[in-house]
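Please read it with the model open.

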Amino acid sequence: MPSVFRPAALVLALIAPAVAGADDVIITGGGCTVTPAPAWKNTLDGPYDPFVVSPFQSPVWVKFTILLCDPQRVYFQNSNSYAFHHPFASQHLDPFIGLSVAQFDQLTLHAAGQQAVLGAVLFPPTFHAQNEMAVQLVRRDAYTREQVRDFIQAVRSAVTSAPFATTYYFPTFEQQASAASHADWLAAQDPPIVVGTADRWVSGAECYSSGWTIGRLRFVTASQVPFAFLNGTLTPADVLLTDAVPAQLPPLAGIISLTAATPNSHVAILAQTYGVPFVHLPDSVDQTRARSWDGRRVILSAYPLVQFGGGCDLRLLDATPLAPEQNAELLALKLPPPLNIEPLADPGSYAASTAGMTVADVRFYGGKAANSGYLRRGIPAHSPPSIGISFRLWSEFCEQPFFLQEGASTLRDAIDLRLAGHAWPPDMIALENDLSLIRGWFTDAGATHFTPAQQAALLAILADPQYGFDAGRNLRFRSSTNVEDTQSFSGAGLYDSYSGCLADDLDGDARGPSICNPAESSERGVFRAIRKVFGSFYNTNAYLERLRRSVDEQSVGMALLVHHSYPDPIEMANGVATLHPTFADHYDMRLVTQLGAVSVTNPDGGGAAPEVVRIEMIGGQVYPTIEQYSNLVQLGVTVMPWDGHYRALASYLQAAALQYRNETGRHGAVLDFEYKRVAPDGRIEIKQIREIPQPAPAAPIAPFLLNEPRMLCTEQGEHGDIFALHRLKLRFRATTRNLRLTAANLTESIYSDSTLAIVSGCDVRRLAGPPGGWPLADYEGDVQQTVDRWRWAHAPSAAQFALTTYLPAPVSSAQSPIKTLRDLGISNSGCLYVSADYAAPRRSMLWDGSLGTTVNDLVAVCPCRARVSGARTRDFAGDDGVRVETTFYWPAGPSGIVAGYTAPLAEWEQTVIEGLTSRPMVLRDYYAQTYRPGHHNFTEDFLFEPRLDPGVPADLIAELEAQGVAQVLVIETSSLISPQVLLLGPEDPCPQRRCAAGDMNCDGRFDNFDIDPFVLALTDRTAYLAAYPQVTEESLELIGDVNGDLRFDNFDIDAFVAALLAAP
């Protein structure tokens, strides 16, 4: 074994070329020596450093090592070249050069004798929006809180790119308990260290199962779900809001998890089968709102986004305003379709090999056993030999004499009597009592029994050499009903599987321990396992689903699939896969895998995140991509060897899928698989295949429009004329009626109590209430579009205005019928259109930048944009000494890959105009400044009208009027030509300028003298209007609207006070 520290390394360092960075140290304190190399450095340039690994849509990361002989020095490794600590350290860190993996682990992963700390730095995938970093520390023993603080501070100091707002500690699996206990202490350090998880960097909501529902929202912690269901707090008609998702859930209308779940868990698959929306809600604001709605009737809609990059379109809407008939109409759409179940039948024998089974055998052996035939024929070397035990055994067991239930002569009679009084929705306490009693009859050897003939027949079958079962190994008896794993219904996770030891039944005694597992003190025979599987036919969730679907209990039952068990010690990995055939020989696969026997189909809620790998197979070529790493393995390490095992698994899945497709003719079937990697040879075995039922096509459904109030603004983008954008500058607080979009419901406007504020001359006019009450209102509409018109008799040029709304088209049963304002407009853009027709020509700009006229304006009105950091400043100078400096913001750009983008305006900061008046004019008002970008923002036009800004002093406006100037137009026709600054006269007269929001006494200033008028206006409008005759009832709504919701009410008080305190 080489020595740990090598003095000779000092000589190498002195003669080595200077390949380390300027901040990298060759000789460290305490006798540590590290030879410079391009593979490491002591500082990191944040998330954009070339050493950082940047997986798609996941946190980016880089690994590091800290030598404990110099704990302030951090060695960041090029993680694109060295994904693991050992290969890097054993080649480039002198103390560890040449060490084996075992030797290296002994010196790094244990507190005793530890010589180095291993870890990783992580950054969010959207670092530009989240100035955060996180640190992970690796060790099998817990670190002390002081160690965590010191190591993280050393790492933080070595990351040089930015002053991070927050540093997080993302503990690994072994460190989680310790980190949780010290979270408060770490947060109190300077700078603070916040214990968290990468969940905070989830980019948005996740849809594990698509669909929509209506029901009461109930918050129940995961551990309390079973109890809440039994005591009636939670019912099948409710939408569950929970902190985590347990392995099983009762039937529910919808599921919202506050922590990430597994997309291929049994809960997710069942939710997909039932069309139940199942989502992860990561945003803290959304979580708080959802928690506040506990007990309220809601509508939940969750569907994948179709644009590049994907995501989840999640809507959680308040359903309390819906009328009873609207509730009933929505609920009618949620009625489950009838199940196509083939009644159970007797094949004439107790068992058969699954090797020859097809879907035609579901009626004899159940779905799970029948489907196994495709595995045995398609991939015999990678699927377990198995047999199916038929419904004959179930039927005989249920027909045995039984006298523990009054009025019954057989077990079947007793079951029917106990369940006869239950209907959907059931009394859960009474039903659970009956189901528990029935399950007990199956498992209690004193209540029911197998006959000697049945026992002898089954033992002979299981011991038959043709099936290859080893009596000394546990056999797994798995549920295989004719109401699960079929082409019309999955039923995943509803029933149970148990293991039994054949040798325990053949040894001639009932004494323990178990031959198959000596750790079991008593025998664990096969009949005990069969009883328990039979009893699971009356599991609560299983029976509830059959009750909800009105399944005939006489036509269904429990058969069994039997193969060797996979004991935990031999499980190297386990997982589930879904396979979507997209076209021809193109498959889209999603593999969810976990280390060892930690289940991905039935997670225990312990916080073990699985690995997620997506595989595209095109023409036999396999393209694997890691979407998420398991947190039970080292960062950057995969659960199975990369990438050979994943390619092999993909080939097995393809072979099984082809077998299923060719024999059933169901070429578009979406398939679900369960697989394991087992010791000692690491062989992959696929133990289950089933089809995931897809919704059947149905007639188009007229969508429901539900009120989701939104604030819309004139879209100052490339589509529109600069003058039209200015003249039709508006803000629209839109609310809609709750209605189904049918012709009968569209005889009046879809908008209800809405508010619109729009430029009119040099004033801003406000319209409130339903559009039918606006001046000279008119309406027309059909199922494609609606048009609301109005006119002001005194409006400039006698303009007639129109608000045009394009409605969403009818939807299929696979799409959400729930629509809101965000779905209106062309291509469901959420944008409306406002037009104006004028009696006299108005200014316009022609394509070449010259001025013309028009009698028609048209602008888009879209959801108001939110600005992002990074102000844009432009400075223009005119030939006559006029100078314009304007500052504004763009919104966030589109995510994913786009073929160019033109940024519209999000928000104005201010515009300063000099050279026209005796003092500079400063414009801050929304209506006084207008922006129109050219394509890709290569050119930009601006229009400023100081008289529309009530903050510009009256004397400066008078100076402008004396010059005949009302507008300043900046035209940029080409990036190669200097912009033009044009001075334009007024288009419309200006009899009176409006007062600024908050300027309640209309003296042109916002100060303490506005307090008394503000209070008076809130408490006695009549007295206020008499005291300030220049203010009208209409204009008061805008003057008092300090919070920007286009209404003057008590909600403006806090905004008024805050603005007053912030005023200069």
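A residue is called buried when its relative accessible area is under 20%, exposed when over 50%, and partly exposed in between, with a 1.4 Å probe and protein chains only. By this definition Cys398 is buried, because its relative accessible area is 1%. The model is predicted: local features need pLDDT of at least 70, side-chain atom pairs count only at pLDDT 80 or more, and totals for chains, interfaces and linings use all residues. Residues are numbered from 1 along each chain as its sequence is written, and side-chain values use heavy atoms, with hydrogens and water left out.

**Disulfides**

The structure holds 6 disulfides, a disulfide being a pair of cysteine sulfur atoms within 2.5 Å.

| Pair | S to S distance | Torsion about the S-S bond |
|---|---|---|
| Cys501 and Cys516 | 2.1 Å | 75 degrees, right-handed |
| Cys713 and Cys864 | 2.0 Å | 85 degrees, right-handed |
| Cys831 and Cys862 | 2.1 Å | about 115 degrees, right-handed |

Helices (H or I, at least four residues) and strands (E, at least two) are DSSP runs, numbered from the N terminus. The link of Cys713 and Cys864 joins distant parts of the chain, 151 residues apart: Cys713 is in strand β27 (residues 710–714), and Cys864 is in the loop between β37 (851–863) and β38 (872–877). Cys713 is buried at a relative accessible area of 12%, whereas Cys864 counts as partly exposed at 30%.

Cys831 and Cys862 are joined by a disulfide that also links distant parts of the chain, 31 residues apart, with Cys831 in the loop between β35 (818–819) and β36 (832–845) and Cys862 in strand β37. Both Cys831 and Cys862 are buried.

Cys501 counts as buried at 0% relative accessibility, and Cys516 counts as buried at 18%.

**Aromatic pairs**

Rings of Phe, Tyr and Trp (its six-membered ring) pair if their centres lie within 6.5 Å; planes under 30 degrees apart count as stacked, over 60 as edge-to-face and the rest as tilted. The whole structure has 39 aromatic pairs. One of them is the tilted pair of Tyr208 and Phe278, with 5.0 Å centre to centre and 55 degrees between the planes. Tyr208 lies in strand β8 (residues 206–209) and Phe278 in strand β12 (residues 278–280), so the pair ties together parts that are 70 residues apart in sequence. Tyr208 and Phe278 are both buried. Elsewhere, ring pairs link Trp394, Phe397, Phe442, Phe450, Tyr495, Phe527, Phe534, Phe537 and Tyr538 into a cluster.

**Helix α18**

In helix α18 (residues 540–548), 8 of the 9 residues are buried. Among them are Tyr543, Leu544, Glu545 and Arg546. Ser550, which follows α18, has a positive phi near 55 degrees.

**Glu972**

Glu972 sits in the loop between β44 (967–971) and β45 (980–984). Glu972 is buried but has no salt bridge, that is, a side-chain nitrogen of Lys or Arg within 4 Å of a carboxyl oxygen of Asp or Glu. The nearest side chain of opposite charge to Glu972 is Arg874, 6.1 Å away; Lys and Arg count as positive and Asp and Glu as negative, while His and the chain ends are not counted. A polar atom of the Glu972 side chain lies 2.9 Å from the backbone nitrogen of Glu940.

Definitions and conventions: Polar contact = N/O pair within 3.5 Å; in protein donor to acceptor, adjacent residues only side chain to side chain.
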